[in-house]
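Hi,

Here is the structure I said I would pass on. Have a look at it first, and my notes on the helix packing and the pocket follow below.

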Amino acid sequence: MDKYKLALLGEAGAAGLDRGFSIRYKVFYESYLNEVSHWKYFQKYSRSFLEKPVYYAFSILGFVISLFGIEAVKKVNEIVERNAINFYKINFNESNEDIKRILEDEEKHFSMSVDA
C-alpha cells in the first residue's frame, strides 16, 4: 500500500476517533475538524472504498474509549498522534507547506494529551 493510501485511511480513522471522542469531550471537536481537512487533502491523491468503513468503525471505537474517561482518551490520542507524526516525518517532505501544516496540527493534537 502506498504512503498516500495509508495517510488517507489513517486520517479517516483519526477523524473517526476524534468524532467519537468529541461526543463526550467537546475539546476534541476542533481536532476532529482538522483531521477531516487532512483526510480531504489526501483524497486528492488517493481514494479507497475503505474510507467510510474505517471512519465509522473508529467513530464507534472513539466513543467506546471515551466511556472509560478522559485519561483513556488522552492515552489513545497520545499513541495515535505520536505515530501519525512519525509516519509523516518518515514518508513525506516536511518542507511541503501542506505537510508542514498537517504536522503542526498533529503536534497540537498530541499536546492535548501530554500537556493537559
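A quick word on terms first: axes are lines fitted to C-alpha atoms, for helices over the stretch in contact, and angles run from 0 to 180 degrees between N-to-C directions. Helices are DSSP runs (H or I, at least four residues), numbered from the N terminus.

This is a predicted model, so local features need pLDDT of at least 70 and side-chain atom pairs count only at pLDDT 80 or more, while totals for chains, interfaces and linings use all residues. Residue numbers start from 1 along each chain as its sequence is written, and side-chain values use heavy atoms, with hydrogens and water left out.

Now the helices. α4 and α5 have axes 8 Å apart and pack at about 155 degrees. They are therefore roughly antiparallel to each other (the cut-off is an angle over 145 degrees). α4 passes α5 in a left-handed crossing, where the near helix is turned anticlockwise from the far one by less than a right angle. In contact terms (heavy atoms within 4.5 Å), α4 residues including Glu81, Ile85 and Tyr88 meet α5 residues including Ile102, Glu106 and Phe110. By class, that contact has eight nonpolar, three polar and seven charged residues. Here Ala, Val, Leu, Ile, Met, Phe, Trp, Tyr, Cys and Pro count as nonpolar, Asp, Glu, Lys and Arg as charged, and the others, Gly among them, as polar.

α5 (residues 97-114) also packs with α2 (residues 29-43), at an angle of about 150 degrees and with the axes 11 Å apart. That makes α2 roughly antiparallel to α5, and their crossing is left-handed. The class count for this contact is five nonpolar, five polar and seven charged residues.

On α1 and α4: the axes come within 12 Å and cross at roughly 160 degrees. That makes α1 roughly antiparallel to α4. Nine nonpolar, two polar and three charged residues make up the contact of α1 with α4.

Last, the pocket (on a 1 Å grid over the protein atoms alone, an open set of points where a 1.4 Å probe fits, with protein on both sides within 12 Å along at least five of seven lines; lining residues have an atom within 4 Å of a point). The largest pocket has 16 lining residues, with Leu6, Gly10, Glu11, Val80 and Ala84 nearest its centre. α1 gives the largest share of that lining, eight residues. The lining divides into ten nonpolar, three polar and three charged residues.

Cheers

Methods
Helix = DSSP H or I, 4+ residues; strand = E, 2+ residues; numbered from the N terminus. Parallel < 35°, antiparallel > 145°, perpendicular 65-115°, else oblique.
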